[in-house]
Amino acid sequence: MSQGPRSGLAAVSSALLAMSRHLEVRDVLKTIVASARELLDAQYAALGVPDDHGGFAQFVVDGVSDAQWKAIGPLPRQHGILAAMLQEAKAERLADVRKDPRFEGWPAAHPDMSDFLGLPIRDGDEVIGALFLANKLRPVGGNPPHPPCPKPDGSCGFTQEDEELLSILAQHAAIALTNARLYERSRELTIAEERSRLAHELHDAVAQKLFSLRLTAQAAAALVDRDPSRAKGELQQVAALAAEAADELRAAVVELRPAALDEDGLIATLRTQVHVLDRAHSAHVTFDSRGVRALPASQEEAVLRVAQEALHNALRHSGAEQVDVTLARRDGGVVLRVTDDGSGFDPQQTRRAGRHLGLVSMRDRAGGVGGVLTVDSAPGKGTTIEMEVPGG
């Protein structure tokens with residue numbers, strides 16, 4: 001390497017340490033790509049993790065702006081050079097990727113690339129990813145690297161030494177990626193086990209309370225006529241047992257706070273859930289967020305639960321063709337709005353008929369975090385549910 005062996009070794013060491021510092025798969029992928037690009041002086045770097053359907057489960061890039069990446073479009077498929085990396089499981093070093101017979105073109109917004117270096121990332125015999133570098137930057141004197149320039153001799157800007165260095169990086173990337181996957185799997189199992197434990201404890205505790213409540217209520221009913229004073233005492237016990245059961249249920253709900261909310265935050269969690277519902281139902285479901293910052297944990301959970309309940313009603317009961325979810329700032333607060341074009345209902349008549357459609361629960365959740373819930377609906381006019389909370 002042009003920087004000399006000592007600085008090159010230090011750069012490799014820094015890259016490996018950076019990879020081992022992260023446990024989340026996405027963070028590991030980003031670190032691998034950034035380290036490879038910096039270490040080998042490339043203009044662009046990418047790492048693809050294949051799925052089982054001819055595409056990529058994850059594809060991380062470095063050197064491409066967010067605006068460029070968005071303009072490029074959907075994740076690439078496994079074809080051309082990308083497929084060669086995964087299927088043939090060998091290194092590829094090309095003077096001009098555009099002239100390779102396997103090249104199948106790029107989307108219009110894709111940056112132009114010439115020299116190319118690619119390596120599979122392997123875990124034993126399994127190819128778990130592929131690492132790509134493009135456009136070797138050429139340092140001029142002591143100045144910072146310059147953009148790629150045409151090579152009159154037709155050679156690849158990436159050298160055999162670059163390939164060997166990337167091979168070392170790929171081997172350690174396989175270890176880091178495998179460890180990150182094991183960590184995430186272990187965490188998922190831990191969460192599942194903890195939730196199972198809580199479910200058993202909740203069932204046992206609440207079942208006992210409800211059983212006692214039922215017996216006490218039966219005793220009170222038997223005493224109403226012949227011993228009203230004792231019946232009153234039994235009814236007071238019923239109230240106490242019901243309060244204890246409610247407290248235990250509330251505590252369990254707090255412990256079962258959605259894992260995705262803790263990891264990704266409210267906006268990302270809502271966006272993901274709306275995307276899933278849009279694919280799972282015939283109705284078109286959309287999500288839009290405008291200028292909302294993070295909220296306290298209790299408010300985020302309440303907003304998420306109200307959104308889930310409102311979406312459930314819209315998709316299961318209203319026959320809506322369009323459901324829109326928005327989260328926006330308003331007068332120093334945050335407003336969640338779920339609107340559908342479904343059959344609608346009369347909120348007053350629904351309340352009198354004892355069919356709440358989850359409205360009581362939604363109002364309780366809103367009120368519990370200092371918020372307000374409003375429902376605007378009429379038969380044949382669709383429904384809009386708004387929840388406003390302070391902050392954000």
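Mentor: Buried means under 20% relative accessible area, exposed means over 50%, and partly exposed lies in between. The structure discussed here is a predicted model.

Trainee: As what does Trp106 count, at 30% relative accessibility?

Mentor: A residue is buried under 20% and exposed over 50%. Trp106 has 30% relative accessibility, so it falls in the class between these cut-offs and counts as partly exposed.

Trainee: Which kind of pair do the rings of Phe103 and Trp106 form?

Mentor: A pair of aromatic rings is described by the distance of the centres and the angle of the planes. For Phe103 and Trp106 the centres are 4.8 Å apart and the planes stand at 75°. Phe103, with a relative accessible area of 25%, is partly exposed. Planes over 60 degrees apart count as edge-to-face, so the pair of Phe103 and Trp106 is edge-to-face.

Trainee: What is the angle between the planes of Phe56 and Phe59?

Mentor: The count of aromatic pairs comes to 5. One of them is Phe56 with Phe59, an edge-to-face pair at 5.2 Å centre to centre. The angle between the planes of Phe56 and Phe59 is 70°.

Trainee: How many of the 8 residues of helix α4 are buried?

Mentor: The buried residues of α4 are Gly80, Ile81, Leu82, Ala83, Ala84, Met85 and Leu86. Their cover includes strands β1, β2, β3, β4 and β5. Helix α4 is largely enclosed by the rest of the structure, because the number of its residues that are buried is 7.

Trainee: What span should helix α2 have at 1.5 Å a residue?

Mentor: Helix α2 covers residues 25–39, which is 15 residues. The expected span is 1.5 Å times one less than the number of residues.

Trainee: Which residue follows α2 with a positive phi?

Mentor: Within α2 the buried residues include Val25, Ile32 and Leu39. After the helix comes a residue whose phi is positive, near 55°, namely Asp41.

Trainee: Which strands stand at the edges of the open sheet?

Mentor: The sheet has 5 strands in the order β8-β9-β10-β12-β11, with mixed pairing. A strand at an edge has a single partner, so one side of it is left without a neighbour in the sheet. The strands in that position are β8 and β11.

Trainee: In β12, what is the bridge partner of Leu373?

Mentor: Strands β11 and β12 run antiparallel and are joined by 6 bridges. Helix α10 packs on the sheet and touches both β11 and β12, its direction making about 145° with that of β11. In β12, the bridge partner of Leu373 is Met387.

Trainee: Which residue in the turn between β9 and β10 has a positive phi?

Mentor: Strands β9 and β10 run antiparallel, joined by 8 bridges, and Leu327 has Leu336 as its bridge partner in β10. The two strands form a hairpin with 2 residues between them. The residue in the turn with a positive phi, about 50°, is Asp331.

Trainee: How many residues of strand β10 are buried?

Mentor: Strand β10 is also joined to β12, antiparallel, by 8 bridges. One of the bridge partners is Glu386 in β12, facing Arg337 in the pairing. β10 has 8 residues and is mostly covered; the number of them that are buried is 6.

Technical notes:
Residues are numbered from 1 along each chain as its sequence is written. This is a predicted model: local features need pLDDT of at least 70, side-chain atom pairs count only at pLDDT 80 or more; totals for chains, interfaces and linings use all residues. Side-chain values use heavy atoms; hydrogens and water are left out. Two strands pair if DSSP finds at least two bridges between them. Helices (H or I, at least four residues) and strands (E, at least two) are DSSP runs, numbered from the N terminus. Contact means heavy atoms within 4.5 Å. Axes are lines fitted to C-alpha atoms, for helices over the stretch in contact, and angles run from 0 to 180 degrees between N-to-C directions. Buried means under 20% relative accessible area, exposed over 50%, partly exposed in between (1.4 Å probe, protein chains only). Rings of Phe, Tyr and Trp (its six-membered ring) pair if their centres lie within 6.5 Å; planes under 30 degrees apart count as stacked, over 60 as edge-to-face and the rest as tilted.
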